[in-house]
Amino acid sequence: MRDLKLPAALAACLLVGLLARPVMAADTPVMLEEMTSTELRTRIDAGATTAIIPIGGTEQSGPYIALGKHNVRAAVLARMIAQKLGNAVVAPVVAYVPEGSITPPAGHMKFAGTLSIPESTFEDLLFATAQSLRQHGFRHIVFIGDHGGYQKSETRVAQKLNKAWAKNGGAAALALLAYYDVTQEPFIADLEKRGYSKAEIGLHAGLADAALMLATDKSLVRTEALAHGPSPTVAQGVRGDARRATAELGKLGVQRIVDASVAAISDFAAHGAPSTSSKASK
């Protein structure tokens, strides 16, 4: 009987351990808005030293992709990055960003739904948000931007914060440009290898953009209209052709974004902020 009981006991212990791991991981909170103040303090005290500030933007993406594209995508990807890091918390998404002149309207502001604020206001908002998080005990503040137009603002704010915090030490900021940059070259190369042209992949609301959205939240893509409708034009605010976009293609970009971001943030936490460079905006 002993020979039968011992393996059974061991098997039971192993089963409990295997079942417990995913439950623990799934229950670990990472989104600041989903926690109470007490729960957040517990996370910080337990070693959650990194705060991610996801930046989206409310802008048009033609007739087939919803206005909240950047906001939703930034939140989904930030959550994935934080979960993989294990010691990070995600701040609320910054949904109001510079999108160009309001009067007269320029760029995306020519299309209904785009919201724009002054660049100085945007930078002040990022600065104050980072200061707030540092006040509560976070020591590594990371900006991730889903839109190309404000990458330089992220860098300026991170530099300003690091200069201000250098006097006291204990905290640093990073403009994580790698989050955006991997969608501009490596992900595009992945798509080209699969036979998609640069014109189809596009610069805004094209195949690459739609594929990433399908992989993060397909509800924001009008899939029926996309499948049966005509290719949008530049006059409609689109540069590219999203009709052959799929979630499977988007997952290639998601994986690149998450892997590059986790690696960069881990290095930042260990060694400080590296020098940064940004690609052309999208």
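Predicted model: local features only at pLDDT ≥ 70, side-chain atom pairs only at ≥ 80, totals over all residues.
Four strands line up in the order 2-1-3-4 to give an open sheet with parallel pairing. Strand 2 and strand 4 sit at the edges with a single partner strand each, so one side of each has no neighbour in the sheet. From one strand to the next, the twist averages 20°.

Strand 1 (residues 50-55) is mostly covered, with 6 of its 6 residues buried. That goes for both faces: Thr-50, Ile-52 and Pro-54 are buried on one side, and Ala-51, Ile-53 and Ile-55 are buried on the other. As for its pairing, strand 1 runs parallel to strand 2 (residues 88-90) and is joined to it by 3 bridges, with Val-90 as the bridge partner of Ile-52. To get from strand 1 to strand 2, the chain passes through helix 3 (residues 69-85), making a right-handed β-α-β crossover. Strand 1 is also joined to strand 3 (residues 140-145), again in parallel, by 6 bridges; here Ile-55 has Gly-145 as its bridge partner. Moving on to strand 4, 4 bridges tie it to strand 3, and the two run parallel. Within this pair, Val-142 stands opposite Leu-174 of strand 4.

Next come the helices. Helix 4 (residues 119-135) lies across strand 1 and strand 3, at about 160° to strand 1. Helix 11 lies across strand 1, strand 3 and strand 4, and runs at about 155° to strand 3. Helix 11 also packs against helix 9, at an angle of about 85° and with the axes 7 Å apart, so these two helices are roughly perpendicular to each other. On the helix 9 side the contact includes Leu-207, Ala-211 and Leu-212, while helix 11 brings in residues including Ala-247, Val-254 and Ile-257.

The largest has 48 residues, and Ile-52, Ile-81, Ile-144, Tyr-179 and Leu-191 have the most contacts inside it. Among the elements giving two or more residues to this core are helix 3, strand 2, strand 3, helix 9 and helix 11. A second, separate core has 29 residues, including Ile-44, Ile-53, Ala-91 and Ala-158. Back in the largest core, Tyr-179 deserves a look of its own. Setting aside neighbours within four places in sequence, Tyr-179 is in contact with Arg-73, Ala-74, Leu-77, Ile-81, Ile-144, Gly-145, Asp-146, Ile-257 and Ser-261.

Notes
Residues numbered from 1 in each chain as written. Heavy atoms only, no water. Buried < 20%, exposed > 50% of the residue type's maximum accessible area, 1.4 Å probe, protein only. Pairing = 2+ DSSP bridges. Right-handed = clockwise from strand over helix to strand, strands pointing away. Core = buried A, V, L, I, M, F, W, Y, C linked by side-chain atoms within 4.5 Å. Contact = heavy atoms within 4.5 Å. Axes fitted to C-alpha atoms, helices over the stretch in contact; angles between N-to-C directions. Parallel < 35°, antiparallel > 145°, perpendicular 65-115°, else oblique.
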